[in-house]
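Work through the exercises below with the sequence and the structure in view. Each task is followed by its solution.

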Amino acid sequence: MSIDEKKKKLRELLSDIERLNRDVADENFEPAMPPGDALPGETPPDAFVVTDEGEVFAEEETKSKIMPMIPLRGLSIFPYMVLHFDIGREKSISALEKAMIRNQMIFLVSQRDVDTDLPTGEDFYRVGTIAKIKQMLKLPGDAIRVLVEGISRGMVDRIIFEVPYFKCAVREVEEIEYEEIPNRVAALMRSTLTRFEEYLNLSPKVSQDIFPSVASVDRPGRLADVITSHIDAKPDDKQTVLEAFDPERRLEVLNGILTKEIDILQIERDINSKVRTQINKSQREYYLREQMRAIQEELGQDEAIEDEIADWLKQLAELNLAEKTAQKIEKEIKRLTKIQSSSAEGGVIRSYIEWIFALPWNKYTQDRLDIGEAEKILNEDHYGLDKVKERILEFLSVMQLSSGLKGPILCLVGPPGVGKTSVAKSIARASGREFVRMSLGGVRDEAEIRGHRRTYIGAIPGRVVSAMKEAGSMDPVFLFDEIDKIGNDFRGDPASALLEVLDPEQNKDFTDHYLEIPFDLSKVMFITTANATDTIPRPLLDRMEVIEVPGYTEEEKVKIAERYLMPKKVKEHGLKPENVFVSEQTTRAVINYYTRESGVRNLERELANICRKVARRVVEKKAETTRVNPSNLERFLGKKRFRYNVIDDDTQVGVTTGLAWTSVGGTTLSIETAVVPGSGRLVLTGQLGDVMKESARAGVSYIRSLSDELGIKKSFYKDDDLHIHIPEGATPKDGPSAGVTMFCAMVSALTGVPARQDVAMTGEITLRGKILPVGGIREKVLAAHRAGIRKVLLPAENERDIDDIPPNVRRKLEFVLIRSADEAMKHILVRAAGAAPAVKKQAVKRRGAGGGKAGGGVSARADHDR
């Protein structure tokens, strides 16, 4: 039947109802024929009944109840069941309002298809529940929340009309009551309760607390209805229970539904139990992520990840890595396809893959093999440092001839400020390589070198791999700064971790804890810096080629200031070259009286101080050109801060001049000795270290063995006290190189023979009077030259170190190589006739030549005088 036909029929029915209402209202109305009468040959007409609302129905239809109807979607209501639901469709709201106007009774029936928004008479079941409206509440958005109570089952006899709401004739289905429950029904009740209890034990959605109240129901039909309302069954299954009018049949249907639901729950429990026993926490997360991935695939959100993974696999194929390395990376990439990318583990894997592809696999820079150009660049950036420059040029020369050479591992050792770090940058520029730097000062954690394992939260690669990523090539110049200041604690020993990095035989397969794959460091040019080698672990020092970077001489500092520092500071302070003029003598004054260092850092600061004051003068327009000379230097830098010992030509008894090495260069020591009556004590003052004290005791013992030859009374060690003092007592002093100096001072004091002040000496003394070699010869000789010394006594074995002294200094000094303390006395002690103290012929035979030319080389011994 079409909609137009339905509307036409509805209009005809309403017209008939209105006509009948008018007839009933007429007092003079008389029926055309008595009820029950009929014309001959016709069946008697049905008797008509008029309702309180004026509705007219046939008498047989009065057995049904006329009431509004609301179709429900995905919901079933049973008798004696109280629940609330929301309605929002216009027809349902109209039916609800009509029921509230009448007697609050309404018929609730389930739709066959929950997706139908505008149902017709064929779209819902015929059996439903007659319910009483208990409460209604209007919600935002024109929706209404209704609280109802099921009364009884009902069956639709006829739909009266569908517009403006569903109205139907509903026949109430009376519940079958047993005077005595049959045994079969009682058995079904027990079986149903047993299965329901089992269902409650398996289902997490229903509380087990409801079982006592359900078990107390003693009517079979009502028991079935109550249990059905609590189980999570399909709407069709619940409708089947609702349509079962016979309690026995209803219990049978419910038993079948419970059996099916219990089987499903048991299967779910078995699956979950097996999963819990076979997988760990991460695998359970994987199970959930798989569900999320399936949802994302339905939403179309997983395509970008698949494209990204395909791009990664393509990049991996282009890297041409070793087979094992490529397989491991490919495995990690494919793991990401099985894990939700937004999860924590997915983020770790993604970060790992991004680190892999960020590294410069098989990327090399083009070395600058033009030796002349490289040498020019090195000379542009630094003055001096000949040994370092020579070694780099040698490496570049070999690179021209052989491409398989491994990168050198150099250790530049020298005092602060001599340009160790900056020369590494120049090496990178000269060779055309990238430059990266890592400071090791204070590093105590091994993970700083090798990285953290990915099992830790926030794990990252070590700083070596991070620096290689920053460099963007496999062959950069890599500077490990301050390697002598590396530490260790409970977190590991970074120095031991560096053994793999700095070992040419191992670093080709360097393995970072985070990457867990080999990374080739064999082409890297490693350069390390240190102030001293004493604190560097011996195995680590053994892997490096040590190049001494000595402190600058005064001449070198003057050249550096004129060529590099002063032009740099003038430019930094916005000055022009014609605004300031600093003479060479002024630069020497700044070096000698305002700085005391081996490098040029403080010199650079003092020159910057001068430029600032000149800049102010320019801004204030006091002078366009400022000349800084020694006479007005104090106006710019203040009073002189340092002084250098200038030795005169006087001779004194018990006073000799020694040489010492310090961290800021060499210095001269004036060693004073006094002999006073006493009990034979040896008093040492001036903050002398244990090594110096031992050298003094060794000198005393050697003097006692020569007391006859020297004309010293044999009991001096019992009757007299020897007091040795080195001025500047606030400065700690230690080292073996003052042994011969203290010996000569004690001999001068005991014999009363004056000692020359213009002769300086250094060397370690033994009990047999031999002079052993010491270190720091270059710095000590420079200090002697600065103090006005004319003659320097050196151990004979230090002859090779004389070549390291600048030529202009060598020309101004006389070097005497000594092998014994007797030879030192010959040049230090001066009698009236100019002869040395009388000694035995055996001692004379031990004397060696006092002069001669020196050979090359660097002393292998270390000296720590302060």
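The expected span of a helix is 1.5 Å times one less than its number of residues. The model used here is predicted.

**Exercise 1.** Find how many residues helix α11 has and what distance it reaches from its first C-alpha to its last.

Solution. Helix α11 covers residues 344-358, which is 15 residues. From the first C-alpha to the last it reaches 21 Å, close to the expected 21 Å. The buried residues of α11 include Ile349, Tyr352, Ile353 and Ile356. Residues three or four places apart in an α-helix point the same way, because there are 3.6 residues a turn.

**Exercise 2.** Determine which kind of pair the rings of phenylalanine 161 and tyrosine 165 form.

Solution. The whole structure has ten aromatic pairs. In this one, the ring centres of phenylalanine 161 and tyrosine 165 are 5.4 Å apart and the planes stand at 75 degrees. Planes over 60 degrees apart count as edge-to-face, so the pair is edge-to-face. Both phenylalanine 161 and tyrosine 165 are buried.

**Exercise 3.** Classify phenylalanine 716 and tyrosine 717 as buried, partly exposed or exposed.

Solution. Buried means under 20% relative accessible area, and exposed means over 50%. Phenylalanine 716 has 2%, so it is buried. Tyrosine 717 has 30%, so it is partly exposed.

**Exercise 4.** Which ring does arginine 454 lie over, and at what distance from the ring centre?

Solution. Arginine 454 lies over the face of tyrosine 352, 3.9 Å from the ring centre. Tyr352 is one of the buried residues of α11.

Conventions
Residues are numbered from 1 along each chain as its sequence is written. This is a predicted model: local features need pLDDT of at least 70, side-chain atom pairs count only at pLDDT 80 or more; totals for chains, interfaces and linings use all residues. Side-chain values use heavy atoms; hydrogens and water are left out. Helices (H or I, at least four residues) and strands (E, at least two) are DSSP runs, numbered from the N terminus. Buried means under 20% relative accessible area, exposed over 50%, partly exposed in between (1.4 Å probe, protein chains only). Rings of Phe, Tyr and Trp (its six-membered ring) pair if their centres lie within 6.5 Å; planes under 30 degrees apart count as stacked, over 60 as edge-to-face and the rest as tilted. A charge sits over a ring if NZ of Lys or CZ of Arg is within 6 Å of the ring centre and within 35 degrees of the ring normal.
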